Amino acid sequence: MLIRRYSPDDISEIIEMFYSTVHTVNLKDYSSMQVDAWAPKNIDTEAWNCRLSENFTIVAEKEGTIVGFASLTYKGYYDLLYVHKDCQRQGIAAALTNIIENEAVLHGISELTADVSITAKPFFEKRGYEVIRKQSVERNGQLLTNYKMRKKLK
C-alpha cells in the first residue's frame, strides 16, 4: 500500500469511493434516506477539492486504486477518514490515522477533535479517542447522529 499526499487529480475517484462507501458500509447504522443526505449523488466536486487541498490530506492506494483517504486541519480537527467499502478491516484506517496523528504532533497540535459517525466510533475509541458528546447534525434535511470525540496527543 502506498500512502501519499492528495492531488486534485484524485477528486473524482475520491468522491466515487466516498459515495459508494457511505451507501454500503454506513447503511448498518443509518437509514437509506440518511445516507442519501450524507452522500448525495451530486456532490460539489469543486468544494470538495478546495476542502481537501486546503487541509493536510493523504490518500492510500493499492495497485493504483484509491482505497482510503484522511484529512487534517492544522487547527487540530481530524476532518475526514474513509476507507473503500471493499477494503474495510485491512489496517488502512489505522495507517492513515497514524500519519494524521504524527502530522498533528509535528505541527505542535496537542489534541485532535473529530465528528465521528456511529459506524466509525468503535475504531476511534480503540485509538484512544473519547466521546465529548453525542450530537445530532442536519444534512440535506435529515438528522444524523454522530459523536464529537477527542484525543490528547503525546
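Q: A disulfide is a pair of cysteine sulfur atoms within 2.5 Å. By this rule, how many disulfides does the count come to?
A: The model is predicted: local features need pLDDT of at least 70, side-chain atom pairs count only at pLDDT 80 or more, and totals for chains, interfaces and linings use all residues. Residues are numbered from 1 along each chain as its sequence is written, and side-chain values use heavy atoms, with hydrogens and water left out. By the sulfur rule, the number of disulfides is 0.

Q: Does Cys87 count as buried or exposed?
A: Buried means under 20% relative accessible area, exposed over 50%, and partly exposed in between (1.4 Å probe, protein chains only). Cys50, at 38% relative accessibility, is partly exposed. Cys87 has 12% relative accessibility and therefore counts as buried.

Q: At roughly what angle do the axes of helix H1 and helix H3 cross?
A: Helices (H or I, at least four residues) and strands (E, at least two) are DSSP runs, numbered from the N terminus. Axes are lines fitted to C-alpha atoms, for helices over the stretch in contact, with angles from 0 to 180 degrees between N-to-C directions. H1 covers residues 11-22 and H3 residues 45-54. Their axes come within 10 Å and cross at roughly 105°.

Q: Which term describes how H1 and H3 lie to each other?
A: Under 35 degrees counts as roughly parallel, over 145 as roughly antiparallel, 65 to 115 as roughly perpendicular, and the rest as oblique. H1 and H3 are therefore roughly perpendicular.

Q: Which residues of H3 make the contact with H1?
A: Contact means heavy atoms within 4.5 Å. H1 supplies Ile11, Ile14, Ile15 and Phe18. From H3 come Thr45, Trp48, Asn49 and Leu52.

Q: What is the relative accessible area of Thr97?
A: Thr97 sits in helix H4 (residues 92-106). Not counting residues up to four places away in sequence, Thr97 touches Tyr78, Leu81, Phe123, Arg127 and Tyr129. Thr97 is buried, at 0%.

Q: Where is Glu63 found?
A: Phi of Glu63 is near 50°, positive in a residue other than glycine. Glu63 is exposed, with a relative accessible area of 84%. Its place is the loop between S2 and S3.

Q: What is the relative accessible area of Asn140?
A: Asn140 is not a glycine, yet has a positive phi of about 50°. Asn140 lies in the loop between strand S6 (130-139) and S7. Asn140 is exposed, at 58%.
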